[in-house]
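Me: I've got a multi-chain model to go through with you. Could you take me through the chains and how they pack?

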Amino acid sequence: MHNSHRQPFRTAVLVLVWGWLLVLVLAPNLLVVGTSVLTRDPLSFLSLPLTLENYARLIDPLYLEVFLHSLYMAAVTTVCCLVIGYPFAWALSRLSKRQQTLLIFLLIVPFWTNSLVRTYALKLLLATNGLINNGLLAIGLIDEPLTLLYTELAVIIGLVYLLLPFMILPLYSVFEDLRDELLLASHDLGAGRWPTFIHVVVPLTLPGVLAGVLLVLLPAMGLFFVADILGGSRNLLVGNVIKSQFLDARDWPFGAAASVLLTAAMALLLFAHRLSRRRLGEEAEV
Amino acid sequence: MKKLALAGLLAVTLSGCGSDDQQVLNLYNWSEYMPQEVLDRFQEETGIRVVYTTYDSNEAMYARIKLLDDSGQYDLAVPSTYYVNKMRNEGLLTPIDHSKLSNYGQLDPELTNLNIDPDNAYSIPYLWGTTGLAYDASDVGEAPVTAWADLWKDDYSGRVMLTNDMREVFHIGLRVLGYSGNSTNPQEIEAAYNKLTELMPAVRTFNSDAPRMPYLEGETDIGMIWNGEAVMGKADMPSLEYVYPQEGVIVWLDSFVIPKNAKNVDAAHQFIDFVMRPDISALISEDIGYATPNLAAREQLDPAVANDRASYPTAVDLEQSEFQEDVGDEALQVYTKYWELLKAGR
Amino acid sequence: MSRWLPKVYLALVYGLLYLPILVLVVFSFNRSRTGYSWDGLSLHWYQSLFNNHAMVQAMWNSLWLALAAATVSTLIGALTALALHRYRFRGKRVLNGMLFVVMMSPEIVLAISLLALFLLVGLQLGFVSLLLAHVTFCLPFVVITVMARLSGFDERLPEAARDLGASEFTMTRTVLIPVIAPALLAGWLLGFTLSLDDVVVSTFVSGPSYEILPLRIYSMVRVGLKPEVNALGTLLLVCSLMMLMLSQWILTRSKR
């Protein structure tokens with residue numbers, strides 16, 4: 001009797017959910033993979049002969065250089081976020097519950113202003129006539145304005161600024177779970193600060209680190225507008241390449257191949273993340 | 001009750017977007033290429049609201065128009081010289097109905113019936129202009145800036161700006177080497193590429209959204225600029241000078257075209273004719289500093305604008321100048337390849 | 001020292017995070033046109049913002065879109081979370097995996113895949129395409145929020161309701177919905193924020209018939225320094241803070 005009652009609602013829910021995900025997630029992704037093995041056609045968008053040439057072009061020195069440079073900027077961004085975010089998340093987790101709630105809230109508030117607007121505000125700060133240069137000139141630290149805008153550094157600053165909270169939040173959640181008893185136990189067993197940190201804290205927070213890396217590294221390769229506004233179209237991200245292949249050069253297959261590459265990178269990182277959690281789980285059981 | 005509110009909300013939301021009974025004209029144009037006043041006055045007179053969306057390169061415009069080909073979302077676009085030809089040949093355009101354009105006769109005969117579009121069957125000239133040299137007189141020092149080749153001087157390292165336009169950038173590379181800016185010869189294009197790679201370390205940024213801005217912001221001191229941008233920039237920064245380089249300036253003509261599947265062809269014609277009215281053409285030219293092809297409008301211009309050599313070059317200024325032409329798909333591929341190489345090379 | 005150091009560090013990072021926003025707010029009241037020097041207090045940029053019809057139109061469009069996207073994604077997301085929580089069905093892990101992939105994949109990948117889909121099926125780029133795209137990227141976040149709420153919930157309650165003869169639908173409405181209501185609000189707000197802030201996906205799937213704020217801002221920012229952008233950023237900040245406080249207020253009231 002139960003079953004006859006519950007079927008229609010249950011079926012409706014499942015059909016809706018599955019339908020949405022199959023049509024708007026699975027199908028589009030398959031389309032992109034399909035596109036990436038087709039040939040570019042100047043008149044229509046795609047034409048037949050199936051080819052792997054688009055993938056071969058990814059390792060063409062020209063694009064390889066762009067990708068490596070983008071990866072380099074994304075990696076520096078990630079490291080900066082980690083270096084800033086790790087102690088930050090730790091310090092945050094030591095505060096009282098009420099303070100934590102307030103500070104987490106403050107971390108999210110900037111997101112309520114459009115990220116473009118915030119990137120633009122950074123431009124106000126970094127420009128040759130901008131506030132940083134004017135400030136430093138005024139207090140006499142420098143004699144000539146620094147060249148900040150339209151440089152690699154500006155892009156990295158922009159990315160760190162936009163992505164830092166994505167590193168902090170997962171780190172914060174692992175630090176919050178990190179029980180003081182464990183640290184105390186380690187201490188009682190005679191381990192000093194460093195050994196405790198290396199052998200207890202680092203492994204236990206590793207999943208958070210990897211989650212943070214995942215949330216920072218990939219977007220850092222895709223946020224084309226940061227490179228557009230702060231990099232002066234000289235410091236391209238993979239995102240800029242994909243965007244220009246789709247929206248300017250009309251080379252869809254190549255753009256699709258580049259995006260498959262990004263997806264593959266994501267899969268790799270996800271795998272690493274899972275692995276670290278599983279290892280951690282096993283260790284805990286032992 | 002809650003469900004009702006939700007349904008109501010959704011209904012309002014969905015109706016909020018579609019049911020606009022006001023007539024709308026979707027104009028796809030370069031950034032800052034038409035004063036707001038023109039759009040406002042057009043709406044006042046005709047009741048048609050103009051939605052102005054922007055692009056920063058012919059390539060982006062062309063890609064977008066092709067992308068939205070079937071749904072025909074754009075009613076008007078403003079491609080440069082050679083793209084008119086390309087789009088026309090590919091059947092992307094709606095023929096212009098000259099019987100709906102009362103002001104067509106006032107256009108400069110030298111700028112109509114060109115080989116990019118015989119009899120202006122598919123395009124109507126909007127503005128023409130030049131891409132020349134700009135420099136900030138307060139920053140570049142004593143040495144006079146007279147030629148494209150000056151950009152290669154060591155003094156300006158890290159202070160050079162180029163437009164984000166493949167053909168324009170290669171144009172200067174080709175001209176510096178003494179070739180035609182419309183070259184279709186792969187060897188010449190490659191030579192220009194090699195010449196330009198020498199310049200690249202000095203280049204700070206590419207900008208085709210508003211090429212005057214990097215100069216105003218103090219980020220660059222010398223480089224390429226469109227004449228109208230130089231005029232607008234000079235109003236804010238008097239030390240910004242516009243120079244017609246010795247090797248020859250780049251000349252272009254931007255024209256209105258109506259995409260093939262445009263929904264509002266009548267309004268598009270109305271708008272073109274409105275812009276061709278002498279008073280409106282004069283207003284546009286005075287406001288954004290480019291030259292109008294409308295002879296009747298030129299007589300109405302403020303003398304200060306009409307005599308500004310940046311906006312309206314003299315015959316001497318145009319010596320050695322070259323009009324941008326369609327180079328054909330094959331050469332375009334070569335250009336594109338080297339352009340990507342140039343921009344990716346660090 | 002070791003007591004103070006962490007707090008100083010926190011304060012420093014917050015200072016850096018808020019510096020650009022402070023600049024934005026302060027300069028929105030600056031009369032100067034260039035945006036680099038201080039020329040005195042003025043509301044000029046707010047005025048010119050509101051006189052900019054295209055901007056105001058884009059603002060409304062964005063607002064409608066965010067409302068719709070948040071509402072639809074909350075609806076579907078809540079149902080998904082309930083299904084994942086309550087039902088056993090084939091492919092549950094696949095479903096979970098897909099949601100996870102959406103959440104993790106770089107926006108640009110999602111953007112081009114949706115663009116490819118919309119072009120293939122011939123959907124006109126505009127409100128509908130934007131809505132579908134925004135709901136899709138908001139969905140996993142709503143699901144997670146609601147799931148988190150459901151995981152701490154006594155399983156016997158819905159079973160009891162069903163045993164007492166309530167249909168699945170009635171049970172969901174009377175037992176589960178009230179339980180997840182705070183999560184629904186949180187998910188809705190999250191969706192609203194994500195939709196309002198999105199630049200990458202919208203760049204690809206929008207058409208001229210429905211221009212939204214981020215794209216308008218993008219074309220303004222690309223052109224150069226526009227003090228109106230400061231004013232707009234300040235307004236966005238104030239509005240969102242007010243909304244957040246409102247939601248906070250509703251939440252604390254509902255707890256009592």
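Predicted model: local features only at pLDDT ≥ 70, side-chain atom pairs only at ≥ 80, totals over all residues.

Me: What pattern does chain C follow along the sequence?

Reply: The secondary structure of chain C comes to 11 helices and 0 strands. Its C-alpha atoms fill a box of roughly 70 × 60 × 35 Å along the principal axes. Read along the sequence, the pattern is α-α-α-α-α-α-α-α-α-α-α.

Me: What area is buried between chain A and chain C?

Reply: Chain A puts 80 residues into this contact and chain C puts in 84. Carbon and sulfur atoms give 80% of the buried area, which is about 7,600 Å².

Me: And in chain A, which residues lose the most area to chain C?

Reply: Across this interface the rule finds 0 salt bridges. On the chain A side, three residues together account for 11% of what that side buries. They are A:Trp20, A:Trp112 and A:Tyr120.

Me: Moving on to chain B and chain C, how much of the area they bury is on carbon and sulfur atoms?

Reply: Here 28 residues of chain B are in contact with 29 residues of chain C. The two chains bury about 2,400 Å² between them, and the share on carbon and sulfur atoms is 61%.

Me: Which residue of chain C forms a salt bridge with B:Asp209?

Reply: The rule finds 1 salt bridge across the interface of chain B and chain C. A pair counts if a side-chain nitrogen of Lys or Arg lies within 4 Å of a carboxyl oxygen of Asp or Glu. With the closest N and O atoms 3.2 Å apart, the partner of B:Asp209 is C:Arg222.

Me: Inside chain B, are α6(B) and α13(B) roughly parallel or roughly antiparallel?

Reply: Helix α6 (residues 186-199) and helix α13 (residues 328-344) of chain B have axes 10 Å apart, at an angle of about 15°. Angles under 35 degrees count as roughly parallel. So α6(B) and α13(B) are roughly parallel.

Me: How many residues of the contact of α6(B) with α13(B) are nonpolar?

Reply: α6(B) passes α13(B) in a right-handed crossing. Among the residues making the contact are B:Ile189, B:Glu190 and B:Leu196 of α6(B), and B:Val334, B:Tyr338 and B:Leu341 of α13(B). Besides 1 polar and 1 charged residue, the nonpolar count is 10.

Methods. Residues numbered from 1 in each chain as written. Chains lettered and ligands numbered in written order. Heavy atoms only, no water. Axes fitted to C-alpha atoms, helices over the stretch in contact; angles between N-to-C directions. Helix = DSSP H or I, 4+ residues; strand = E, 2+ residues; numbered from the N terminus. Parallel < 35°, antiparallel > 145°, perpendicular 65-115°, else oblique. Left-handed = near helix turned anticlockwise from the far one by under 90°. Contact = heavy atoms within 4.5 Å. Nonpolar A, V, L, I, M, F, W, Y, C, P; charged D, E, K, R; others polar. Buried area = accessible area lost by both parts, 1.4 Å probe.
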